[in-house]
Every structure is written in structure tokens, then in C-alpha cells.
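Have the 3D view ready and follow along.

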Amino acid sequence: MTEHITTVAGVAVDTRHWIGGERVASVRTFTDVSPIDGSTLGEIARGGATEAEAAVAAARTAFPGWAATPRTERARLLRAIADGVDKRLEDLAIVETHDNGALLRSHRRGVMPRVAHNFRFFADWLLRLEHEDFTTRGHTNHVSWDAAGPSVLITPWNAPLMLATWKIAPALAAGNTVVLKPAEWTPLTASLIADIAAEAGLPAGVLNVVQGYGAEAGSALVSHPDVRRISFTGSVPTARRIAGAAAANLVPASFELGGKSPLLVFADADLDLAVDLAVEQYDNAGQVCLAASRVLVEAPVAEEFTRRLVEQTARLRQGDPREEATDIGPNIHPRQLEKIDGFVRRALAAGARALVGGTPHEKLGGLYYRPTLLTGVAQDSEIVQEEVFGPVLTLQTFTDEEEAVHLANDTRFGLAATVATGDRERAARVTARLVAGTVWVNCFFVRDLQAPFGGSRQSGVGREGGTWSFDFYCDIKNTVSAPKGWKGHG
Ligand code: NAD
């Protein structure tokens with residue numbers, strides 16, 4: 001063990017950056033704390049302009065070799081990384097749970113297998129990537145996907161490795177080299193994925209990880225002139241800053257941002273299912289960008305639906321996310337808890353009523369906030385319009401489809417929407433009018449990686465998934481060839 005290794009639940013994690021195939025320390029560090037109990041997880045290297053410069057230089061140096069690597073070899077290496085994730089699944093799950101406080105059972109069964117799948121999916125996609133040639137007056141138009149260059153990926157803390165690999169995998173598959181800057185509240189699994197990629201045989205400099213704060217490491221990376229793509233998942237204010245940096249260098253940037261998504265429950269819905277869908281929104285202590293935090297229910301069933309929802313919400317078991325029986329763990333950080341509590345207090349002061357919750361958890365203390373359901377909220381109020389990113393749902397009623405659609409669309413966001421109805425024609429009518437990147441009908445969270453994912457309005461710019469990811473990370477080229485014997489226009 002060196003001073004640069006920290007041990008989290010028995011797993012050794014290097015706290016340094018990973019640049020050009022080497023571990024690199026910084027003079028300064030920052031402390032990474034577990035939201036479960038406030039214990040210190042490690043002193044992490046705090047990167048800035050120097051480390052950003054070194055990482056982009058490493059990515060630039062490695063780029064020509066990686067871009068020229070045959071697709072089959074790139075795909076083989078991506079699959080080897082996926083195998084490495086499978087082998088270290090338990091390590092990744094336990095470290096991630098300590099770092100971000102999300103449920104260990106979800107990390108084991110859902111999230112980490114999905115991380116491996118991200119690499120396998122884009123390996124397969126890469127090998128199938130082709131476009132049928134067009135013919136124009138006998139000339140062939142051939143479309144190809146050329147790698148674009150060093151790509152900077154900036155990710156948040158709510159699903160750290162899942163969201164990072166959702167970008168790393170297509171960027172690497174496309175032949176780009178990568179510099180990842182994970183969120184400063186959850187730096188650990190980014191370090192482990194660097195180990196896994198190195199063990200899989202990924203050449204030095206193809207994947208780099210710079211740790212540190214957004215205002216230091218992050219901003220130095222996104223404004224670097226040698227960067228060819230920027231992909232960001234996080235909040236709207238940060239997106240604005242990054243968009244400014246991207247505009248200055250005229251670099252394509254993709255933004256996956258926040259949301260204030262609605263769940264529309266019509267009177268003809270299966271109410272048991274609708275209540276389950278509502279309760280699901282407390283997952284990850286409400287720290288899910290897609291969460292349908294605004295529940296809109298049709299008046300005739302509002303009373304019955306509310307009774308059942310209150311009952312089920314009150315039954316959720318809150319506590320240590322490492323325990324199998326726990327449904328809701330802690331929120332991420334004291335600042336986040338304060339923010340959540342501030343939203344709820346202001347809503348209550350403005351006349352809202354808490355049907356469940358409404359305060360931090362008195363017994364558990366720490367960062368545990370009680371799952372909260374607020375009613376009596378006005379459409380133009382802060383609690384209905386702004387993303388809380390905590391276990392807080394609002395409940396409103398509507399009287400007809402028209403009003404339901406109006407309320408659903410009446411925020412500045414457009415990430416997702418969920419509709420619970422037993423009427424397929426109504427589902428078709430309503431979904432066609434909803435402004436959202438993803439709409440679920442009688443389900444939630446299910447999504448194929450081939451499908452586009454992203455937000456409308458302030459919820460994002462661009463789409464990720466399948467061909468949308470590849471198109472973003474590549475310089476797409478059209479090569480037009482004359483037919484044999486072509487003698488020109490004359
Ligand atoms: P954030 O914007 O505060 O931080 C995200 C990342 O940006 C972090 O790595 C941070 O260090 C970095 N950063 C901050 N300032 C920067 C700067 N000036 N330049 C470059 N990088 C900078 O967001 P957060 O609080 O970590 O994440 C929560 C937000 O993310 C919520 O709004 C949530 O809805 C959103 N989110 C969206 C999706 C999606 O796919 N749409 C998924 C998860 C989370």
C-alpha cells in the first residue's frame with residue numbers, strides 16, 4: 001500500500017489521476033467522504049490546468065494510433081473491458097455504494113451489469129456500423145464514420161460509472177481518445193475503470209482520468225483548444241458555462257441535463273401499477289435525472305390513488321444502502337440535503353402540505369431525507385417548476401386530457417414523461433403532445449441502448465444511444481466516386 005492508495009470496504013483504489021498510462025499525483029488533494037456515515041474514503045488528487053494539459057496532450061498523442069486501429073481490434077478491447085467489469089463487479093458495486101450512497105443491491109444487479117453492457121453494446125454497434133451507398137447520376141456516395149479526436153467527458157455523481165461508461169464506450173468505439181473528469185463527490189469508480197481498461201490492454205493515453213473540481217480541472221479541460229468533442233451530463237448552470245467554452249473553440253458539445261418530469265395518471269389506469277410507478281420515483285433517494293417528480297392525477301381517482309401512494313411511501317424502508325432490505329439510502333452531500341430541505345421548507349411556507357415526510361429523517365440523521373409527498377402546490381410555484389433532485393414528489397390533480405397535457409408541458413424542462421392509462425388511443429394522443437426526450441406508457445426506466453436518449457428544452461442538447469452516440473463522436477464523411485470510365489461533365 002502506498003500513500004496514494006485508499007482502501008474502501010477492502011477494495012484498493014488509487015487516488016491519483018490516470019494520464020498517458022501512468023498514475024500521476026497532484027500537489028493538492030481533496031477529501032472524498034461517504035454519504036452513508038460521513039467517513040473519509042480518501043484524499044483524492046486535485047487536478048487543475050497542469051493535469052488537464054497533460055491529459056489532453058496524452059489523448060492527442062494516442063489519437064492517431066487508436067483511430068487507425070482496426071474496428072475488430074477496438075471492439076475486442078471494449079469487450080475485454082466489459083469482461084474486466086464483470087470480474088470486478090462486486091468491487092465496483094461496493095465502492096460505488098460507499099461513494100454515492102445508492103443501493104448496493106441496485107449496483108450489483110442493475111447498474112454494474114449495465115456498465116459492462118455499455119462496452120459490449122458499442123463493440124457490437126461498431127462492427128455493424130454501415131450505411132447503404134447512395135447513387136447520384138451513376139456516382140456512388142459512401143458514408144463513413146471517422147474518429148473526431150480527443151474527447152472530454154464530464155459526469156455527475158448520481159450514477160457515476162454508469163453515466164461515465166455510457167460516454168466512454170461509444171467515444172472509444174468511434175476511435176476517439178478520452179479524458180474523463182468524474183464528479184468530485186464520487187471520484188472512485190472512475191479510478192477503478194482506468195485500472196480495468198489498462199488490464200484489458202487499452203493502449204496508454206486512449207483513456208485518461210483527471211480528478212478534481214469542476215471549476216478547476218473541468219473548466220480547464222472543456223476550454224482546451226485540442227479537444228474535439230465535449231460530452232456533459234449534469235446541471236443546467238454548468239452546461240451554460242461549458243457551452244460557452246465549447247462555443248469559443250467551436251467544438252460540438254452534447255448536454256444531458258436536469259428534469260422535472262411528470263407522471264400522468266388517468267382515471268382509466270391500473271391504479272396498482274400507477275402507484276408503483278409513483279413510488280419508483282423515490283429510487284436513488286430521488287437523485288435521478290429522469291425522475292417523474294410531478295405526479296398529476298385525474299380528479300375522479302385522486303383520492304384513492306393518493307391514499308395508496310401515501311400508504312406505500314410510508315412503508316419504504318430507509319437506511320444503510322449496503323443492506324439488502326433498504327429501499328432508500330442517504331442523499332449525496334450536506335449541500336444537497338440543505339438544498340432539498342430548503343425547497344421543501346419554502347413550499348410548505350407557500351401553502352403546500354406534506355402528506356408524507358417533509359423533513360430530514362430524525363432518527364437516522366446524517367444525509368437521510370424522508371421520502372416526501374407534497375400537495376396543495378401551485379403550478380407556477382418553485383417546487384413545481386424547479387428540479388429538487390431529492391426524494392420529493394408533488395401531487396396535483398387534473399380534470400381532462402387537455403389540462404393534463406398543459407400541466408405536464410408547463411416547465412422549462414423536457415427530459416421524460418410517464419403516462420399511466422388503460423386506453424391505448426389516449427396514450428397515443430397524449431404522448432404525441434408531450435414535450436420530452438423519453439415517454440413511457442405504463443412503465444418506467446426501461447430503455448434499449450439503441451434508442452435515443454436526451455432532453456428537450458433546458459433538459460439537454462443532442463441525444464445519446466446507438467447511432468446518435470456514434471454520429472456525435474465522429475466526423476461523418478461522404479465520399480463520392482465517379483463510375484468507371486467517367487470522363488467528366490464535358
Ligand atoms: P454539476 O453540473 O454540478 O456537475 C456535473 C459535473 O460537472 C461534475 O463533474 C462537475 O465537477 C463538473 N463541472 C462543474 N463546473 C464545471 C465547469 N465550469 N466546467 C467543467 N465542468 C464542470 O451537476 P451535478 O450536481 O453533479 O449533477 C446533478 C445534475 O445532473 C442534475 O441536474 C441532474 O438532473 C443532472 N443529470 C442529468 C442526467 C441526464 O442524463 N439528463 C443524468 C444524471 C444527472
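Which residue in E15 is the bridge partner of leucine 264? It's leucine 296. Keep in mind that this is a predicted model, where local features need pLDDT of at least 70, side-chain atom pairs count only at pLDDT 80 or more, and totals for chains, interfaces and linings use all residues. Residues are numbered from 1 along each chain as its sequence is written, and side-chain values use heavy atoms, with hydrogens and water left out.

- Helices (H or I, at least four residues) and strands (E, at least two) are DSSP runs, numbered from the N terminus.
- Strand E14 (residues 262–265) is covered on both faces, with Pro262 and Leu264 buried on one side and Leu263 and Val265 buried on the other; buried means under 20% relative accessible area with a 1.4 Å probe, protein chains only.
- E14 runs parallel to strand E15 (residues 294–298), and four bridges join them; two strands pair if DSSP finds at least two bridges between them.
- E14 also runs parallel to E19, with three bridges, and leucine 263 has threonine 418 as its bridge partner there.

**Pockets**

- On a 1 Å grid over the protein atoms alone, a pocket is an open set of points with protein on both sides within 12 Å along at least five of seven lines, a cavity is a set where a 1.4 Å probe fits but cannot get out, and lining residues have an atom within 4 Å of a point.
- The largest pocket holds about 1100 Å³ of space; a volume is the space filled by probe spheres set on the points, which are joined across faces, edges and corners.
- Its lining has 39 residues, and Trp157, Phe232, Gly234, Ser235 and Thr238 are the closest to its centre.
- H8 gives the largest share of that lining, six residues.
- Domain 1 (2–257 + 455–478) and domain 2 (262–441) both give residues to the lining of the largest pocket, so this pocket lies between them; the domain bounds come from an automatic or database domain assignment.
- The second largest pocket has a volume of about 880 Å³, and H4 gives the most to its lining, with six residues.

**Cavities**

- The whole structure has three cavities of 30 Å³ or more.
- The largest cavity contains about 100 Å³ of space, and 14 residues line it, with Gly286, Ala291, Ser293, Glu387 and Phe389 the closest to its centre.
- The second largest cavity has a volume of about 60 Å³.

Notes
Buried means under 20% relative accessible area, exposed over 50%, partly exposed in between (1.4 Å probe, protein chains only).
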